[in-house]
Amino acid sequence: MLNTPHIVSDVMTTTVAAVDRAARFKEIIETMERWQVSALPVLAAEGRVVGVVSEADLLPKEEFRESDPDRLEQLRRVDDVRRAEAVTAGELMTSPALTVRADATLSQAARVMARESVKRLPVVDAHGVLGGIVSRADLLKVFLRSDDDLAEEVRRDIVGALFPTPAKDLQVTVADGVVTLRGRVRDTSLIPVAARLVRAVEGVVDVEFDVTGPDAARTGPTATGGPGGER
């Protein structure tokens with residue numbers, strides 16, 4: 001197998017800026033500025049992630065600086081009003097923190113980020129101890145794989161298993177991450193299966209087929225697109 005990133009530990013950053021619960025407001029901002037990040041994990045003494053403090057958690061102090069919220073706003077924005085009066089990371093943080101395990105798949109991490117509308121996730125072990133950070137940009141690194149690497153993996157692990165025909169009968173080409181299988185296959189019913197498997201290869205952008213069956217009747221060009229399936 002090629003060294004294809006499949007799990008969070010393959011792409012995460014292991015040097016992580018963090019603060020403890022006692023970190024003061026100004027220290028938090030200074031740490032964010034120094035590391036050029038918009039959020040920081042908050043750690044207990046043993047390195048366990050107990051929360052995350054973000055720019056959004058800090059902004060209420062500036063927002064409510066010139067005027068106090070009225071009664072209705074206090075009821076509607078209880079957490080923001082509380083944060084406007086807070087001075088330590090423990091008081092400001094969102095808890096419990098959204099985290100991900102190092103052995104989670106990239107798609108699992110991506111789903112959490114999308115569902116919760118966050119840009120990054122602390123990576124923790126079984127005890128909740130911080131081991132790294134994974135961002136949206138990290139998850140996109142798989143699309144930097146070369147077309148040659150993608151073609152080799154598809155030929156070896158998918159085409160070779162599903163379509164045991166001479167290599168000249170079914171060609172695999174990749175251009176800008178889009179995989180095209182072109183040629184002749186014995187069983188065209190396997191094309192949807194191949195589409196799902198090819199699409200699951202890390203770094204593949206799309207997959208297309210242009211094949212003929214054993215009777216030379218044209219079954220394509222058949223293009224399969226994104227998560228919605230064939231198009």
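Let's start with aspartate 125, which sits in the loop between β5 (120-124) and β6 (130-135); strands are DSSP runs of E, at least two residues, and helices are runs of H or I, at least four, both numbered from the N terminus. This is a predicted model, where local features need pLDDT of at least 70, side-chain atom pairs count only at pLDDT 80 or more, and totals for chains, interfaces and linings use all residues. Residues are numbered from 1 along each chain as its sequence is written, and side-chain values use heavy atoms, leaving out hydrogens and water.

**Aspartate 125**
- Its relative accessible area is 34%, so aspartate 125 counts as partly exposed (buried is under 20%, exposed over 50%, partly exposed in between, with a 1.4 Å probe and protein chains only).
- Aspartate 103 is 22 residues away along the chain, and the two C-alpha atoms are 9.0 Å apart.

**How α8 meets α9**
- Helix α8 (residues 147-162) and helix α9 (residues 191-199) have axes that come within 11 Å and cross at roughly 165° (lines fitted to C-alpha atoms over the stretch in contact, with angles from 0 to 180 degrees between N-to-C directions).
- That crossing makes α8 roughly antiparallel to α9, a label for angles over 145 degrees.
- Val154, Ile158 and Leu162 of α8 make the contact with Val193, Ala194, Leu197 and Val198 of α9 (heavy atoms within 4.5 Å).

**The buried side of α9**
- Ile191, Ala194, Ala195 and Val198 are the buried residues of α9.
- Looking down the axis of α9, these buried residues fall within an arc of 105°, so they line one face of the helix (the arc uses directions from the helix axis to the C-beta atoms).

Conventions
Parallel < 35°, antiparallel > 145°, perpendicular 65-115°, else oblique.
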